[in-house]
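These are my notebook entries on one protein chain. I set down what I looked up, residue by residue, and then turned to the chain as a whole.

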Amino acid sequence: MPLSMVNSGEPMQIKKISGKEEVKKFLENLGFVAGGIVTVVSDIGGSVIVNVKDSRVAIGRDMANKIIV
């Protein structure tokens, strides 16, 4: 399921990153890699705030839809 559908506070393992190569590279540089653990902190409006690799990152809902957990 896409990261945008995960409930807040649930640690999830990233299964796959979909999208074009430049999108995959951008998300990888932020710390979103297959096998990594990500936790949704909050989902406000069009942004999703997540904990990934001991840091908080805000991404748009469209980017969150490309991260499959």
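**Entry 1: Ser-4**

I began with Ser-4, which counts as buried because its relative accessibility is 11%; buried means under 20% relative accessible area, exposed over 50%, and partly exposed in between (1.4 Å probe, protein chains only). Before going further I noted that this is a predicted model, in which local features need pLDDT of at least 70, side-chain atom pairs count only at pLDDT 80 or more, and totals for chains, interfaces and linings use all residues. I also noted that residues are numbered from 1 along each chain as its sequence is written, and that side-chain values use heavy atoms, with hydrogens and water left out.

I located Ser-4 in the segment before strand S1 (11-13). Helices (H or I, at least four residues) and strands (E, at least two) are DSSP runs, numbered from the N terminus.

Which side chain forms a polar contact with that of Ser-4? I found Asn-65, at 2.4 Å. A polar contact is a pair of N or O atoms within 3.5 Å; within protein, one must be able to donate a hydrogen and the other to accept it, and residues adjacent in sequence count only if both atoms are side-chain atoms. Setting aside residues up to four places away in sequence, I listed Asp-43, Arg-61, Ala-64 and Asn-65 as touching Ser-4, where contact means heavy atoms within 4.5 Å.

I next took up Val-38, placed in strand S3 (residues 37-44). Val-38 has a relative accessible area of 1% and is therefore buried. Its contacts beyond four places in sequence include Leu-3, Met-12, Ile-14, Phe-32, Val-50, Val-52 and Val-69. I also checked Val-38 against Asn-65: the two are 27 residues apart along the chain, and their C-alpha atoms are separated by 14 Å.

Ser-42 is in strand S3 as well. I recorded a relative accessible area of 18% for Ser-42, so this residue is buried. Leaving aside neighbours within four places in sequence, Ser-42 is in contact with Ser-8, Ser-47, Val-48 and Ile-49.

Is Val-48 buried or exposed? I noted 1% relative accessibility, so Val-48 counts as buried. Val-48 is found in strand S4.

I then moved to the loop between strand S4 (47-52) and strand S5 (55-60), where Lys-53 is placed. Asp-54 lies in the loop between S4 and S5 too. Lys-53 counts as exposed because its relative accessibility is 58%. For Asp-54 the figure is 86%, so Asp-54 also counts as exposed. I looked up the backbone angles of both residues. Phi of Lys-53 is near 50 degrees, a positive value in a residue other than glycine. Asp-54, not a glycine either, has a positive phi of about 60 degrees.

**Entry 2: Ile-14**

I found Ile-14 in the loop between S1 and strand S2 (16-17). With a relative accessible area of 1%, Ile-14 is buried. I listed its contacts beyond four places in sequence, among them Phe-32, Val-33, Ala-34, Val-38, Ile-67, Ile-68 and Val-69. The C-alpha atoms of Ile-14 and Gly-31, 17 residues apart along the chain, are separated by 11 Å.

**Entry 3: The chain as a whole**

I counted two helices and six strands in the protein chain. Their order along the sequence is β-β-α-β-β-β-α-β.

Of the contacts with a separation of 6 or more, 55% join residues 24 or more positions apart.

The C-alpha trace spans about 30 × 25 × 20 Å along its principal axes. The radius of gyration of the protein chain is 10 Å, which agrees with a compact globule because 69 residues would give a value near 11 Å. This radius is taken over C-alpha atoms, and the globule rule is 2.2 Å times the number of residues to the power 0.38.
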